[in-house]
Every structure is written in structure tokens, then in C-alpha cells.
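This report describes one protein model, starting from a single residue and widening to the whole chain.

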Amino acid sequence: MKNKILTAISTIMLFIPWTILPLRSKFQWALDYADIMISCYAVFMICSGVFTILSYVKAKAQNSLMKVCLVVNSLYAVGGIAAFGMMLLPKIM
């Protein structure tokens, strides 16, 4: 039962980063506060990647859907780290 719950949470975490697209296209405030919004989404993507990796390794939730979630959320985590890098690099130099 625990593995099914962890898999469901990881699956839901796959779709949340895509909600930035309708927000940024429909609301002006989202464009005004884009740096804060992108930072929040990047933190969420990194956390979802870490959560999925820990669920897969430590909790042994190793079914086929969890393998897909592991790959995608890991890519999201790398993308979140890259987003932070692109935001911080101009401020450093």
C-alpha cells in the first residue's frame, strides 16, 4: 500500500511543473514576477526529483510507473538546478 501511495504522489508531481505554461500565458502578474515564479517551480522540481529518488531507493517502490517517474522527475531536478544556475550566473559575473 505504501508503494502505491508513493507512486501516486510521484505521478502527480510529473504534471505540476507544466502548470507554469497556462499561468504565464494568461496572467500579467505571472510575467511581472517571473523570476520568483520560476524559482519556486525550480525548487519544487528539485524536491520532486529527490522525493522520487528516495522513494525508489529507500522505500523500494520499484514498479514500472515508478521507473518512468524516476527518469522524468530526475530530469526535472536537473532542469531546476540548471534554471538556478542560469539565474545566478549573471549575478556572479
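Ser-64 lies in helix H5, which covers residues 64–92. The model is a predicted one. Ser-64 has a relative accessibility of 57% and therefore counts as exposed, since the cut-off for that class is over 50%. In sequence Ser-64 is 54 residues away from Ser-10, while their C-alpha atoms are 12 Å apart in space.

Helix H5 itself is made up of 29 residues. Its span from first to last C-alpha is 42 Å, close to the 42 Å expected at 1.5 Å a residue. An α-helix has 3.6 residues a turn, so residues three or four places apart point the same way.

Helix H4 runs over residues 34–57. The axes of H4 and H5 approach within 7 Å and cross at roughly 145°, and this crossing is left-handed. The residues in the contact of H4 with H5 divide by class as follows.

| Class of residue | Residues in the H4–H5 contact |
|---|---|
| Nonpolar | 16 residues |
| Polar | 9 residues |

Which residues form the largest nonpolar core? This core has 6 residues, namely Leu-14, Tyr-56, Ala-61, Met-66, Cys-69 and Leu-70. H5 supplies the largest share of this core, with 3 residues. Tyr-56, a member of the core, has contacts beyond its neighbours within four places in sequence: Ala-61, Gln-62, Met-66, Lys-67 and Leu-70.

The remaining points concern the protein as a whole. It has 5 helices and 0 strands, and from the N terminus on the order of its elements is α-α-α-α-α. The C-alpha trace spans about 45 × 35 × 15 Å along its principal axes. The protein has 93 residues, and 31% of them count as buried. Among contacts between residues at least 6 apart in sequence, 67% join residues at least 24 apart.

Terms used
Residues are numbered from 1 along each chain as its sequence is written. This is a predicted model: local features need pLDDT of at least 70, side-chain atom pairs count only at pLDDT 80 or more; totals for chains, interfaces and linings use all residues. Side-chain values use heavy atoms; hydrogens and water are left out. Helices (H or I, at least four residues) and strands (E, at least two) are DSSP runs, numbered from the N terminus. Buried means under 20% relative accessible area, exposed over 50%, partly exposed in between (1.4 Å probe, protein chains only). Axes are lines fitted to C-alpha atoms, for helices over the stretch in contact, and angles run from 0 to 180 degrees between N-to-C directions. A crossing is left-handed if the near helix is turned anticlockwise from the far one by less than a right angle, and right-handed if clockwise. Ala, Val, Leu, Ile, Met, Phe, Trp, Tyr, Cys and Pro count as nonpolar, Asp, Glu, Lys and Arg as charged, and the others, Gly among them, as polar. A nonpolar core is a set of buried Ala, Val, Leu, Ile, Met, Phe, Trp, Tyr and Cys residues joined through side-chain atoms within 4.5 Å. Contact means heavy atoms within 4.5 Å. The expected span of a helix is 1.5 Å times one less than its number of residues.
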